[in-house]
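This briefing is meant for a reader who is meeting the structure for the first time.

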Protein chains: 2
Amino acid sequence: MSLARIRIVLVEPQHPGNIGAVARAMKNMGLSSLVLVAPRAFPADEAIARAAGADDILACAQVVGSVAEAVAPCVQVLATSARLRKIPWPVADPEQAAHSLWAHAAAGQEVALLFGAERSGLANEDVDFAQGLVQIPVDPAFASLNLAAAVQVLCYEIRKQSLGPRPAVPDHEPAPQEELNGFLAHLEAVLIEIGFLNAAHPRKLMRRLVRLFRRATPDQNEIHILRGILTAVQTGRPPQNT
Amino acid sequence: MSLARIRIVLVEPQHPGNIGAVARAMKNMGLSSLVLVAPRAFPADEAIARAAGADDILACAQVVGSVAEAVAPCVQVLATSARLRKIPWPVADPEQAAHSLWAHAAAGQEVALLFGAERSGLANEDVDFAQGLVQIPVDPAFASLNLAAAVQVLCYEIRKQSLGPRPAVPDHEPAPQEELNGFLAHLEAVLIEIGFLNAAHPRKLMRRLVRLFRRATPDQNEIHILRGILTAVQTGRPPQNT
C-alpha cells in the first residue's frame with residue numbers, strides 16, 4: 001500500500017491531544033505511518049481520546065530520539081513551515097509537495113513530511129534534513145495553523161494524488177433530448193390551455209422556460225414527474241378556491 | 001472582501017470546542033462569516049480557547065434557528081456529506097465546490113457551505129436547502145472526519161481558488177434562496193390542490209422536485225414566470241377538455 005510509505009513526522013509535539021488528532025486526520029486520508037521525535041507526553045489517554053478510533057495508528061507509531069533517525073530510510077524529506085527562512089529553500093505548495101511525495105511512494109520508495117512543535121515550528125537544524133519546504137497558503141494576518149489542521153491539509157492533498165486524475169462523477173443521467181422536448185411541448189400545450197400563454201404568440205415566454213429546463217437537465221424520472229403534474233393540471237378537478 | 005461572502009454554516013453543532021476550532025480554521029484561510037444553527041452551547045469558554053485567537057469570528061458569528069434562515073440571502077448552497085444519499089444529488093469534490101463557490105463570491109454574491117452535527121451529519125431536511133453535495137475523499141474504511149478538519153479542507157480549497165486566476169463570472173444570476181423557497185412552497189401547495197400530491201405524505205416526491213429546481217438555479221425573472229404559472233393553475237378556468 002503506497003500511502004503507508006509516506007511517513008508523517010512530528011518533531012517534539014507538546015500536546016498529546018494533537019497527536020491523537022493527527023492520527024485521526026491521517027487515517028481519514030488513508031495514511032498510517034506516524035513517527036514521533038521526542039514527544040513531550042506519549043503514550044497518553046488524551047491522544048487516544050482525540051484519535052476517535054484511529055488508535056491503531058497511535059499503537060504502531062514509532063517513537064525516536066532525533067529527526068535523523070525518523071527519516072533515515074527516506075529518499076525524500078519535505079518540511080512544513082509557516083515562516084520564511086533566512087536561507088531561501090525551495091518552497092512547494094501542498095499540491096506540489098503531495099505530487100512529489102506520492103510519485104516516490106507509488107514507485108516503492110519511503111518519504112517523509114516533517115511538522116514542527118505547536119508553538120515554535122521546525123528549527124533550522126530540523127529543516128536541514130529536508131530537501132525543501134512546504135507552505136500551506138494561510139492568511140498572513142492569522143498564520144498559526146493547528147498542528148492537526150496542517151497535517152489534515154497535507155494528507156488531503158496526498159490522498160487526492162493517490163486517487164489519480166479526478167474521476168468524472170456522473171451526478172445523474174439526463175434524459176434524452178426527445179423526452180425533454182416531449183415534456184416541453186406538453187408544457188406549452190398546458191400553458192395555452194390554462195390561459196397562461198397566448199397561443200398566437202407563445203414564443204418569448206416559452207423560450208425562457210425552455211432555457212430553464214435545459215439548464216436543469218432533468219433525468220427520465222423527473223420528466224415523468226413533471227409530465228404527471230401537467231396531466232394532473234389537465235384532468236384534475238377545478239380548483240376549490242380562487 | 002469576496003471571502004467574507006462565503007458563509008460557513010454549522011447545523012446543530014454539539015461541542016463548543018469544535019466551534020472554536022472551526023473559527024480558527026476559517027480565519028487561517030481568510031474566511032470570516034460563521035453562522036450557527038441552533039448550537040447546543042454557544043457562546044462558550046471552550047470555543048474561545050480552541051479558537052486560539054480567532055475570537056473575532058466567534059464574536060461576529062450569527063446564531064439562527066433554522067437552516068432556511070441561515071442561507072436566506074444565498075444564491076448557492078452546498079452541503080457537505082459523508083454518506084451517500086438514497087436520492088442521488090449532484091456530488092462535487094472539494095476543489096470543484098470551492099471553484100463554484102468562489103466564482104459566485106468573487107462576483108459579489110452570497111453563498112453558503114453547510115456542515116452537519118458531529119455524529120449525525122446533515123439530515124435530509126437540511127440537504128433539501130442545497131443545490132448539491134460536497135464530498136471530501138476520505139478513506140471509506142475510516143470516514144468520520146472531525147468537524148473542524150472538514151471545514152479546514154474546504155476552506156483551504158476555497159483559499160486556493162481565491163489566490164488563483166480570477167474565474168469567469170457565472171453566466172447568470174441565481175435568485176436568493178428565500179425566493180426559490182417561496183416558489184417551492186407555492187409549488188407544493190398547488191400540487192396538493194390539484195390532487196397530485198398527497199397532503200399527508202408530500203415529502204418524497206417534493207424532494208425530487210426540490211432537487212430538480214435547485215439544480216436549475218432559476219434567476220428572479222424565471223421564478224416570477226414559474227409563480228405566474230402556478231397562479232394561473234390556481235385561478236384559471238377549468239380545462240375545456242379532459
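In chain B, 7 strands form an open sheet with parallel pairing, and their order across the sheet is E3-E2-E1-E6-E4-E7-E5. The model is a predicted one, and the points below are grouped by topic.

**The sheet of chain B**

- The edges of the sheet are strand E3 (62-64) and strand E5 (91-92) of chain B, each of which pairs on one side only.
- E5(B) runs parallel to strand E7 (residues 132-134) of chain B, and 2 bridges join these strands.
- B:Ala92 has B:Val134, a residue of E7(B), as its bridge partner.
- Helix H5 (residues 94-106) of chain B packs on the sheet, where it touches strand E1 (6-11), strand E4 (76-80), E5, strand E6 (111-115) and E7 of chain B.
- The direction of H5 of chain B makes about 155° with that of E4(B).

**The contact between chains A and B**

- Chain A gives 53 residues to the contact, and chain B gives 53 residues as well.
- On the side of chain A that touches chain B, two or more residues come from each of helix H1 (16-28), helix H7 (147-162), helix H8 (177-193), helix H9 (203-216) and helix H10 (220-235) of chain A.
- H10(A) provides the largest share of that side, with 8 residues.
- By residue class, the side of chain A that touches chain B consists of 28 nonpolar, 13 polar and 12 charged residues.

**The domains of chain A**

- Chain A is divided into domain 1, which covers 2-162, and domain 2, which covers 177-235.
- The centres of domain 1 and domain 2 of chain A, taken over C-alpha atoms, are separated by 56 Å.

How values were computed: Residues are numbered from 1 along each chain as its sequence is written. Chains are lettered from A and ligands numbered from 1 in the order in which they are written. This is a predicted model: local features need pLDDT of at least 70, side-chain atom pairs count only at pLDDT 80 or more; totals for chains, interfaces and linings use all residues. Two residues are in contact if their C-beta atoms, placed from the backbone, lie within 7 Å. Helices (H or I, at least four residues) and strands (E, at least two) are DSSP runs, numbered from the N terminus. Ala, Val, Leu, Ile, Met, Phe, Trp, Tyr, Cys and Pro count as nonpolar, Asp, Glu, Lys and Arg as charged, and the others, Gly among them, as polar. Domain bounds come from an automatic or database domain assignment. Two strands pair if DSSP finds at least two bridges between them. Axes are lines fitted to C-alpha atoms, for helices over the stretch in contact, and angles run from 0 to 180 degrees between N-to-C directions.
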